[in-house]
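Me: I would like to go through this structure slowly, asking at each step what a word rests on. Could you set the values against the definitions for me?

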Amino acid sequence: MEQHVVIEGYTRLKKTRALFIGGLLSALVILTGVAVTLGSAGLTVGESYLAILAGLFPGFFSAPDLATTIVWDFRLHRVLFAVSSGFGLAVAGCVMQGILRNPLASPFTLGIASAAATGASIAIVLGAGAVGGEYLVIGNAFLFSLLAALAIYGMARYRGIGSETMVLAGIALMYLFSAVTSLLQYVGSAEQLQAVVFWMFGSVDKSTWPKLGIVALVLACTIPYLVYRAWDLNALAEGDEMAASLGVPVERSMAVLMMIASLITAVIICFTGTIGFIGLVAPHITRMAIGGDFRTLLPASGLVGALLLLSADSIARSVLAPQILPVGIVTAFLGVPFFIYLFLHRRDA
Amino acid sequence: MALISVNSLSFAYRDRRVLHGVTFSVDAGEVLGLVGPNGCGKTTLIRCVDGMLSPDGGTVMLDKREIRTMHRREVARAMAYVPQSAGNRTGATVFETVLMGRRPYLNWTVNRTDEEKVIAALDLLDLGDLALRNVAELSGGERQRVMIARALVQETGVILLDEPTSNLDVCHQMGVMEVLRGLAGEKGLAVVIALHDLNLAATYCHRLMVMKAGAVYGYGAPEEVLTEEMLRAVYGIEAVVKRDLSAPYMVPVRPGHLRGGA
């Protein structure tokens with residue numbers, strides 16, 4: 001093959017990736033507008049966008065007060081919360097799959113999500129937690145998920161950190177935390193049981209502007225750093241030894257990246273409950289579409305995750321309207337068949 | 001001038017001692033072959049030299065600097081490593097996998113010079129046609145060559161290779177060894193290569209180091225090292241060593257068939 005053919009081929013690959021990311025971004029902006037229209041007030045897409053713009057630039061755009069109120073007070077934060085949660089969970093899953101070199105690694109399979117569920121159950125059933133009041137359940141879920149991440153890391157560290165050790169430790173923890181949650185459900189009252197089950201379904205129902213602010217802040221602080229470290233992830237995906245010989249300080253990089261991914265996961269699932277599937281699937285879908293360079297894989301996975309969760313939430317809100325289905329259920333119903341389809345039709349399968 | 005010198009290196013996995021006081025050095029332009037039976041410590045030695053394992057005794061000097069005092073990225077600019085089993089990151093093309101070798105020099109973006117270096121290495125290893133294929137789709141031998149191409153774009157003075165020819169047919173074995181030997185001469189690289197094929201090692205290496213149970217059994221030019229006594233003592237086999245070509249070569253003989261066969 002001629003040199004210029006190879007360079008052109010690589011340039012084309014880069015263009016495809018840029019196009020993919022651009023396409024996802026446009027789709028996300030459009031779907032955000034569409035999602036804001038969903039609901040009983042019967043706003044059109046145009047009215048919704050106008051209401052969004054009117055809120056952002058009150059001097060330049062104006063919209064009916066009712067539309068502005070509905071969009072800004074009820075819908076927009078929920079939609080954006082779905083977008084940022086999907087984005088964060090997908091990026092966290094992508095990082096975990098990368099450093100652990102395991103296609104099954106995700107916040108869910110590593111026990112982080114089950115730990116959050118246990119934390120929430122303790123708050124719901126026993127009323128015990130680190131912080132009280134409104135943030136009891138959220139605080140507990142957050143603490144437990146970080147605790148699980150630390151425990152996995154500690155165990156792996158103790159026996160010499162290795163990716164397989166981490167995955168095994170994570171799976172073991174997942175079972176342990178599930179057992180604790182089951183025990184709490186067993187001893188809890190009927191209402192408590194219902195609350196626990198509801199929490200575990202996962203949903204963005206309880207979103208508010210301040211919660212969205214917290215998630216957005218964490219994402220804004222962490223995602224650019226993760227993308228900046230993309231070459232480390234590329235190297236780590238080749239194996240610990242290979243990464244070391246390519247100049248990556250393996251243990252330190254793995255620890256830092258794993259902790260950041262866990263923090264992102266914890267801060268999201270403490271508000272949403274268990275939305276397990278996004279973190280596992282979005283990176284796979286993206287990888288199949290544009291390949292494994294983490295410089296583009298990370299942001300693109302995030303966008304795919306955001307689109308998936310937003311679509312799932314939109315469907316969850318509209319299928320049985322005015323009844324709202326838990327988004328975790330819809331994600332799985334939507335995502336699993338799509339995922340299996342992709343796997344069966346993969347070129348190199 | 002020795003680009004790399006290893007002095008009385010020792011290593012133990014928990015309570016099992018694997019390396020006993022291994023000492024050797026490799027000059028610029030030299031290819032050193034590490035040979036010895038399975039489990040004699042070749043791979044462990046290479047890992048210790050590259051700093052992936054911490055030896056419990058001895059030193060590794062990389063161009064007069066102790067490797068333990070160097071930052072990982074500095075080591076990666078001075079020494080490349082080709083592992084025994086080739087990597088198989090899903091979704092990466094051959095081009096991107098080789099591009100990874102530039103990582104010790106890259107910040108975030110890849111410039112034209114990096115891309116050209118990758119292409120040159122691909123051509124050298126006869127991989128140009130595969131550049132845009134997915135690494136996961138390649139054969140074991142092709143993958144091994146991809147790993148070698150990557151070590152080359154790392155532009156280091158020292159290259160460590162752990163049985164890089166184990167998955168290759170005889171044609172590609174010779175192709176890879178030709179490239180390594182040629183580069184050692186042209187660019188003054190120090191190449192350390194673990195090999196199982198003694199004849200290949202004797203043909204292409206300036207010196208051989210024979211290891212037995214974690215210690216150096218013999219060290220010198222192939223003519224001195226590749227002997228019938230060595231094969232008996234280290235491998236426990238009977239063989240005939242012929243010296244009628246430019247490099248010595250060995251022909252193994254079935255136990256008890258030596259007299260009739262030779």
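Reply: Let us start with the word "buried": a residue is buried if 20 or more other C-beta atoms lie within 10 Å of its own, and exposed if 12 or fewer do. Please keep in mind that this is a predicted model.

Me: Which residues of α2(A) are buried, and what do the buried residues pack against?

Reply: By that cut-off, the buried residues of α2(A) are A:Glu47, A:Ser48, A:Tyr49, A:Ala51, A:Ile52 and A:Ala54. They pack against α1 and α3 (65-100) of chain A.

Me: How do you know that the span of α2(A) agrees with that of a helix of 12 residues?

Reply: The expected span is 1.5 Å times one less than the number of residues. For helix α2 (residues 45-56) of chain A, with its 12 residues, this should come to 16 Å, and because the end C-alpha atoms are 17 Å apart, the two agree.

Me: How many residues does each chain bring to the contact, and what gives the most on the side of chain A?

Reply: Chain A brings 26 residues and chain B brings 30 residues. On the side of chain A that touches chain B, α1(A) gives the most, with 5 residues, and the residues of that side divide into 13 nonpolar, 8 polar and 5 charged.

Me: Why is chain B called as compact as a globular protein of that length?

Reply: The globule rule gives 18 Å for 262 residues, and the radius of gyration of chain B is 19 Å, which is close to that value, so chain B is as compact as a globular protein of that length. Its C-alpha atoms fill a box of roughly 65 × 40 × 35 Å along the principal axes, and buried residues make up 45% of the 262 residues.

Me: What makes β3(B) largely enclosed by the rest of the structure?

Reply: Of the 5 residues of β3(B), 5 are buried, so this strand is largely enclosed by the rest of the structure. B:Val31, B:Gly33 and B:Val35 point one way, while B:Leu32 and B:Leu34 point the other way. In a regular strand the side chains alternate between the two faces of the sheet.

Me: Which strands pair with β3(B)?

Reply: Strand β8 (residues 190-194) of chain B runs parallel to β3(B) and is joined to it by 4 bridges, with B:Leu32 opposite B:Val192. Strand β9 (residues 207-212) of chain B also pairs with β3(B) in the parallel sense, over 4 bridges, and there B:Leu32 stands opposite B:Arg207. Since strands pair if there are at least two bridges between them, the 4 bridges to β8(B) meet the condition, as do the 4 bridges to β9(B).

Me: Is B:Ser54 buried or exposed, and how do you know?

Reply: B:Ser54 has 9 other C-beta atoms within 10 Å, and because the limit for exposed is 12 or fewer, this residue is exposed. It is found in the loop between α1 (42-49) and β4 (57-62) of chain B.

Note on methods: Residues are numbered from 1 along each chain as its sequence is written. Chains are lettered from A and ligands numbered from 1 in the order in which they are written. This is a predicted model: local features need pLDDT of at least 70, side-chain atom pairs count only at pLDDT 80 or more; totals for chains, interfaces and linings use all residues. Two residues are in contact if their C-beta atoms, placed from the backbone, lie within 7 Å. Helices (H or I, at least four residues) and strands (E, at least two) are DSSP runs, numbered from the N terminus. Ala, Val, Leu, Ile, Met, Phe, Trp, Tyr, Cys and Pro count as nonpolar, Asp, Glu, Lys and Arg as charged, and the others, Gly among them, as polar. The radius of gyration is taken over C-alpha atoms; the globule rule is 2.2 Å times the number of residues to the power 0.38.
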